[in-house]
Amino acid sequence: MKVLYGVQGTGNGHITRARVMAEAMASRGIEVDWVFSGREREKLFDMEGFGNFHCFRGLTFQVHNGKIDMRRTMNDASMSDLWRDIRTLSPEQYDLVLTDFEPVVAWAARRRGVPCIGIGHQYAFAHDIPKAGHSVVSEAIMRWFAPVTLGLGVHWHHFDNEILPPIIEPVKQPEPGDLDSVLIYLPFENSRSIINLLAPLKRTRFVMHCGDLTPGQYGNVTVRGFSRDGFKVSLHQCGSVVCNAGFELTSEALALGKRILVKPLHGQMEQSSNAAALEQLGLGQVMPELSAEAIAYFLATGERQLVNYPNVAEAIVDWLQQYPTRSVADLVSELWQDVQFSAPQSIQAA
């Protein structure tokens with residue numbers, strides 16, 4: 001089987017999910033041509049697992065100080081470049097075409113009349129799930145940014161819909177980590193402002209991964225650069241995570257049994273909705289604005305949560321190899337039977 005797989009490269013969450021899918025497909029001997037768009041090739045890191053991948057400009061939202069900047073987004077967009085990139089692909093040459101909210105592959109498939117399957121969190125929004133900041137514009141973006149024939153949405157809960165559990169690396173056992181150590185990952189915020197914000201919380205050790213400060217010690221904050229392996233070490237060692245309301249990192253934190261505090265990216269319906277879902281499910285806390293008081297409250301009151309998710313990537317790949325003979329409902333039912341919301345003794349005693 002030969003697959004064309006597009007991945008939105010603006011944030012690291014889509015790429016993290018793609019790494020898990022890449023490993024599952026390689027284990028089944030599936031040949032994949034990977035396409036990434038939304039970020040310059042030189043700004044991508046730890047991409048060895050994707051071989052000789054293609055990289056396009058695509059479309060991406062510009063962010064300034066934690067908010068979507070629509071003016072900069074429109075100024076940066078080049079529809080002529082997008083159309084040129086779309087025409088370079090020949091999706092009809094593949095057995096399957098997949099996209100994780102990546103527009104070049106999705107629109108190339110649509111242009112050629114080739115079926116395209118979407119795999120990712122955005123496709124859960126086609127169902128009745130918790131939504132915040134919803135509008136006609138956000139609805140249009142979700143539907144037309146990367147249109148698909150069939151969407152396999154993933155979320156922390158199925159909400160009585162045909163939605164799959166998160167696609168994350170399998171976790172052998174939870175790692176509660178040290179409650180006095182907090183991972184900070186807020187890539188859309190100003191890192192220097194975050195350091196100043198955290199300075200009064202002297203009793204807590206913070207580890208922040210960012211790209212706009214030189215790695216080193218800044219008072220009670222240890223700054224580290226972007227590295228997938230280095231980030232995983234920080235995530236496993238910490239007991240709490242403070243991050244934007246993206247989907248993938250929060251999913252990994254839940255699977256490891258961490259305390260979670262999220263700050264949604266302003267102007268992005270997906271993150272506002274993620275925050276709403278997290279609160280509704282009782283899986284974490286939300287701060288609408290960056291606030292030392294909100295972080296201090298979280299550190300004093302936040303509770304660890306653990307969700308045991310199965311190997312969703314392998315199940316999806318097995319399903320794809322049987323597509324279209326096996327139903328989505330069958331896949332959904334199989335996976336949620338193995339999901340456990342629990343608080344193991346190791347976490348309760350921590």
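Let me start with one tyrosine. Y323 is found in the loop between α11 (312-322) and α12 (328-336); helices (H or I, at least four residues) and strands (E, at least two) are DSSP runs, numbered from the N terminus. Y323 is partly exposed, with a relative accessible area of 28%, where buried means under 20%, exposed over 50%, and partly exposed in between (1.4 Å probe, protein chains only). Not counting residues up to four places away in sequence, Y323 touches L96, I117 and L150, a contact being heavy atoms within 4.5 Å.

A word on the source: this is a predicted model, in which local features need pLDDT of at least 70, side-chain atom pairs count only at pLDDT 80 or more, and totals for chains, interfaces and linings use all residues. Residues are numbered from 1 along each chain as its sequence is written, and side-chain values use heavy atoms, with hydrogens and water left out.

I turn now to the sheet. Seven strands form an open, mixed sheet in the order β11-β12-β10-β9-β13-β14-β15; two strands pair if DSSP finds at least two bridges between them. The edge strands, β11 (216-218) and β15 (285-286), each pair on one side only. β11 runs antiparallel to β12 (residues 221-224), joined by three bridges, and Q217 stands opposite T222.

Further in the order, β9 and β10 pair in the parallel sense over four bridges, with V207 of β10 as the bridge partner of L183. β9 is also joined to β13 (residues 238-244), in parallel, by five bridges; there I184 has V242 as its bridge partner.
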